[in-house]
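This report describes the pockets of a protein model and the surroundings of its ligand. The sequence and structure are shown first.

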Amino acid sequence: MTAPVIELCDVSRRYDEGPPALRDVSLTVRAGEAVSVLGPSGSGKSTLLNLIAGLDRPDSGTVTVDGVRVDGLGEAAAARHRRDRIGMVFQFFNLLDDLTVADNVVLPAQLAGMGRGEAARRATELLEVLGVDRHAGAFPGRLSGGERQRVAVARALMNRPALLLADEPTGALDSASGEDVGRLLADLNADGQTIVVVTHDLALARSCTTRTIRLVDGGITADTGAVESAR
Ligand SMILES: Nc1ncnc2c1ncn2[C@@H]1O[C@H](COP(=O)(O)OP(=O)(O)O)[C@@H](O)[C@H]1O
Ligand SMILES: [Mg+2]
């Protein structure tokens, strides 16, 4: 078995008034796995991703990602954790509209202190792999939704993250572009990238993940289990 990339131990999170957004969630995801998290709206899927990313903290329990306890990190350390270990992809792409595609992709590497030349080379290579290199000099607003999501994936991969997190990555795409993103995620996982994708889209879950976790009211009600990985 490969090393754990995510370890959640008895994690609970509750926002002020409401019921717990997550209750006693324990979960291990190993290197090379591709896991989908399914569940109705409000079941705690985004809360789970935010805790893994260090964007939020649990009320109790521990969150360990790539060997680092993230539940106790301060803001600056949590930001470094995200920058160095995690790539994130969102429903609405979250690209910076006043930067070119290439500059969007290069940005995380600049923040991490990668040299300009090396960062530019890696960005070009990623845009090529993702099939959007001809848009390198364009602004994101000129691209289709599917192309924007490819650029967002390139940006997420820039710092070679241990973990790629995607929150409803096809939620704003037409079905053909959604299938395209599914294939892309499947290819990345075939190359060894560990992926967790939150989605409503069963077809996406089937196309790019080998393990499915179901969340209901903040608790895991089903987990098809880790597939033994030969990698
Ligand atoms: N910042 C917040 N403040 C208060 N309640 C929140 C906040 N974020 C999420 N919640 C609540 O926590 C629960 C889980 O939300 P969320 O994790 O966003 O679910 P999902 O992503 O599955 O739709 C919901 O009841 C939601 O209303
Ligand atoms: Mg959500």
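## The largest pocket

The lining of the largest pocket comprises 18 residues, and those nearest its centre are Arg82, Arg83, Ile86, Pro108 and Arg155. A pocket is an open set of points on a 1 Å grid over the protein atoms alone, where a 1.4 Å probe fits, with protein on both sides within 12 Å along at least five of seven lines; lining residues have an atom within 4 Å of a point. The model is predicted: local features need pLDDT of at least 70 and side-chain atom pairs pLDDT 80 or more, while totals for chains, interfaces and linings use all residues. Residues are numbered from 1 along each chain as its sequence is written, chains are lettered from A and ligands numbered from 1 in the order written, and side-chain values use heavy atoms, without hydrogens and water.

At least two lining residues come from each of helix H2 (75-85), strand E6 (86-90), helix H3 (101-111) and helix H5 (145-157). E6 gives the largest share, 4 residues. Helices (at least four residues) and strands (at least two) are DSSP runs, numbered from the N terminus.

## The second largest pocket

Among the residues that line the second largest pocket are Arg122, Glu125, Leu126 and Val129. Helix H4 (residues 116-129) provides the largest share of this lining, 4 residues.

## The ligand

Residues around ligand 1 (a heavy atom within 4 Å) include Tyr15, Pro40, Lys45 and Thr47. Polar backbone atoms lie 2.7 Å from a ligand oxygen atom at Gly42 and 3.2 Å from one at Ser43; polar contacts are pairs of N or O atoms within 3.5 Å.

How values were computed:
Polar contact = N/O pair within 3.5 Å; in protein donor to acceptor, adjacent residues only side chain to side chain.
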